[in-house]
Amino acid sequence: MNRETVNAICAALPGAEVSDPWGGGHDAWKVGDKMFASIGAMGLGVSVKTPSIEDAQLLIEMGRAQKAPYFHRSWVLIDWNAVPEDELRDRIRTSYDLIFSKLPKKTRAAISSA
């Protein structure tokens, strides 16, 4: 897989928007102005949020991810060449759902009805 595949997965999610907030070729995917996925300029994989620090640590210990540089400990960096596409889709969707669930009710309703 590659950046284009991950961007296509993210773009298909309701209300998802991409930006490059830091410059230099980063892809920061957001829903309701809150980030749920990020691809660094180096394109080493995609960083996503996990349900907890413990979940992130478990993925790291299992060799399915590594600590996401510059992010909270509940975020992991997934090498898109090291996991099957269905697992990557699931990790991105989980991150999206976690962020979406924390948005204000009005924002969630507006995204859901669009």
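Two strands pair if DSSP finds at least two bridges between them, and strands (E, at least two residues) and helices (H or I, at least four residues) are DSSP runs numbered from the N terminus. This is a predicted model, in which local features need pLDDT of at least 70, side-chain atom pairs count only at pLDDT 80 or more, and totals for chains, interfaces and linings use all residues. Residues are numbered from 1 along each chain as its sequence is written, and side-chain values use heavy atoms, with hydrogens and water left out. The model holds an open sheet of six strands, and helix H3 packs on that sheet.

**Sheet layout**
- The strand order is S1-S2-S3-S4-S6-S5, with antiparallel pairing.
- S1 and S5 are the edge strands; each has a single partner strand, so one side of each lacks a neighbour in the sheet.
- Helix H3 (residues 85-101) touches S2, S3, S4 and S6, where contact means heavy atoms within 4.5 Å.
- The direction of H3 makes about 45° with that of S4; axes are lines fitted to C-alpha atoms, for helices over the stretch in contact, and angles run from 0 to 180 degrees between N-to-C directions.

**Strand pairs**
- Strand S1 (residues 16-19) is joined to S2 by four bridges and runs antiparallel to it, with Val18 opposite Trp29 in S2.
- Five bridges link S2 and strand S3 (residues 34-39), again antiparallel, and Lys30 faces Met35 in S3.
- S2 and S3 make a hairpin with two residues between them, and Gly32 in the turn has a positive phi of about 60°.
- S3 and strand S4 (residues 46-49) are antiparallel and share three bridges; Ser38 is opposite Ser47 in S4.

**Burial**
- Four of the five residues of S2 (residues 27-31) are buried (under 20% relative accessible area; exposed is over 50%, partly exposed in between; 1.4 Å probe, protein chains only).
- Pro69, in the loop between strand S5 (66-67) and strand S6 (75-78), counts as partly exposed because its relative accessibility is 40%.

**Thr50**
- Thr50 sits in the loop between S4 and helix H2 (53-61) and counts as buried at 4% relative accessibility.
- The Thr50 side chain reaches the backbone oxygen of Ser52 at 2.8 Å, and one of its polar atoms lies 2.6 Å from the backbone oxygen of Ser74.
- Leaving aside residues up to four places away in sequence, Thr50 touches Asp55, Ala56, Leu59, Ser74, Val76 and Leu98.

Methods. A polar contact is a pair of N or O atoms within 3.5 Å; within protein, one must be able to donate a hydrogen and the other to accept it, and residues adjacent in sequence count only if both atoms are side-chain atoms.
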